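Some notes on the model follow, as numbered points. Please read them beside the coordinates.

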Amino acid sequence: MTRLDLGIPRYRAPKSSLPETDGRPDVPGLIDRFGRVARDLRVSVTEKCSLRCTYCMPEGGLPAIPRDELLTAAEIARLVGIGARDLGIREVRFTGGEPLMRADLAEIIGRSADAAPGIDISLTTNGVGLEHRVHELVAAGLARINVSLDTVDRTHFAALTRRDRLPAVLAGIRAAHLAGLTPLKINAVLMRETLAGAADLLAWSIETGSRLRFIEQMPLDADQAWVRVQMVDARELLDTLSARFVLTEIGRDDPSAPAEEWLVDGGPATLGIIASVTRSFCAECDRTRITAEGTVRSCLFGDDETDLRGLLRSGADDAELARFWRAAMWGKQAGHGIDSAGFVRPERSMGAIGG
Ligand code: SAM
Ligand code: SF4
C-alpha cells in the first residue's frame, strides 16, 4: 500500500524556498490575491487518532509521523506567538488527528496562551478521554471546545467510527459542560448512514444545551470513497429535520462564519449547517493552517505547503518565519472547486491536514 492510499503521500515535498510574492503589498497581515485576510489559525498537533471515522481515516490509521518530525509544544507556541503578534491572528484552534492523543496538549495550550496573551484558544476533539483531561486543559487556557459526534445511536456510532466509544464521548461532553466550556458545539458530518438519526441528535443536543452544527461531507476521506451524487446535502437534511422540527433561517453570525444558523421550534435553540460543498464559503475564508509537521497550508484543498519547521530548527528569527508564512498565504487558491468540472482531490486526507 502506498502512502497515497493512506491519505498522506509524500511525493510533493513542502516548499522550503520562499513562495512567489509578486504583486503582494508590503502589509503585515496574511493577505491573499483575492482580497481575503486570514485571522483564524488551525494547528494540527498529531496525525494519531482514537477513532477511525470512515469519512476521514483509513481503517488502519494514518502512517505514524516520526516523533522528531512533529512540532514540539515550544515550537507550536512560538508560531502562535508570531501569528498573533506579527500577522494578525486572533484565534487559534488545535485539531488533528485527535489532539487528545498528545500527552502534552495542556502544555501546548499553556505555552500558546503565554506566547499570545489574549488570543482565543479552542479545541476540536472527538471527546474520547476528554473526561479525564478537561480540567488541565481549561487551567492551561482553553476557552472553547467543539466535539465531533455524528449520532447518539451506539450501533451507528460504532459502525461509523469503527470503534464502540460512544459512552466515552458522551462522558467527555458532560465533563466539558461541567468545566464551563460553553457554549459547547457539536460537529456532525452528514452521512447517509446517520441521516435517519439526525433528528434524534438534534433533540439530544437541545436537551444537553449543546449547539449542533451539521457539516456536508467533503472529499477528504483517506479511503477516497466520497462520491458527489451520494453526498447528503443541506437541503436533504433540512427536509428530514422539518418532519419533526420547525426550522426558521436566521443567517450567519458574521460573514466569515461557515455555519448558517436556523432557529429550532421558535428558539432559543439553534442549529448550524455548514454547507461546505453546496454553498461554499471560500470567498470569505479567513483560515490559515499549520500541519502537525510544521508546514503552512493555505487551504484544506491546496496541496502546496510551505515548511516552517526547517526554518524554526535552522535558527530563523521571528521576522523570517513571518515572511515565509505571509508568502505562503499570498498563494492561497480562490476556492475548493468541489462542484466544478475537473476538480482534483487534495493528496492529504482530513486527518492528515487537521480539520
Ligand atoms: N479528531 C478531532 C475531531 O474529530 O473532532 C479533530 C480532527 S477532525 C479531522 C476535525 C473535524 O473534521 C471533525 O469535526 C470531523 O468531523 C471533520 N471531518 C473529518 N473528515 C471530514 C470530511 N470528509 N468532510 C467534512 N468534515 C470532516
Ligand atoms: Fe479521528 Fe477526528 Fe478523523 Fe474521526 S474525524 S477519524 S475522530 S481525526
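Against which elements do the buried residues of α6 pack?

1. The model is predicted: local features need pLDDT of at least 70 and side-chain atom pairs pLDDT 80 or more, while totals for chains, interfaces and linings use all residues. Residues are numbered from 1 along each chain as its sequence is written, chains are lettered from A and ligands numbered from 1 in the order written, and side-chain values use heavy atoms, without hydrogens and water.

2. Helix α6 (residues 198-208) has Ala198, Ala199, Leu201, Leu202, Trp204 and Ser205 buried (under 20% relative accessible area, 1.4 Å probe, protein chains only). The buried residues of α6 pack against α5 (166-178), β7 (185-190), β8 (211-216), α7 (234-242), β10 (260-264) and β11 (270-274), contact meaning heavy atoms within 4.5 Å. Helices (H or I, at least four residues) and strands (E, at least two) are DSSP runs numbered from the N terminus. Just after α6, Gly209 has a positive phi of about 70°.

3. Thr125 belongs to strand β5 (residues 120-125) and is buried, at 2% relative accessible area. Its side chain makes a polar contact with that of Glu98 (2.7 Å); such a contact is a pair of N or O atoms within 3.5 Å, and within protein one must be able to donate a hydrogen and the other to accept it, with residues adjacent in sequence counting only if both atoms are side-chain atoms. Leaving out residues up to four places away in sequence, Thr125 touches Glu98, Leu100, Leu130, Ile145, Asn146, Val147 and Ser148.

How values were computed:
Buried means under 20% relative accessible area, exposed over 50%, partly exposed in between (1.4 Å probe, protein chains only).
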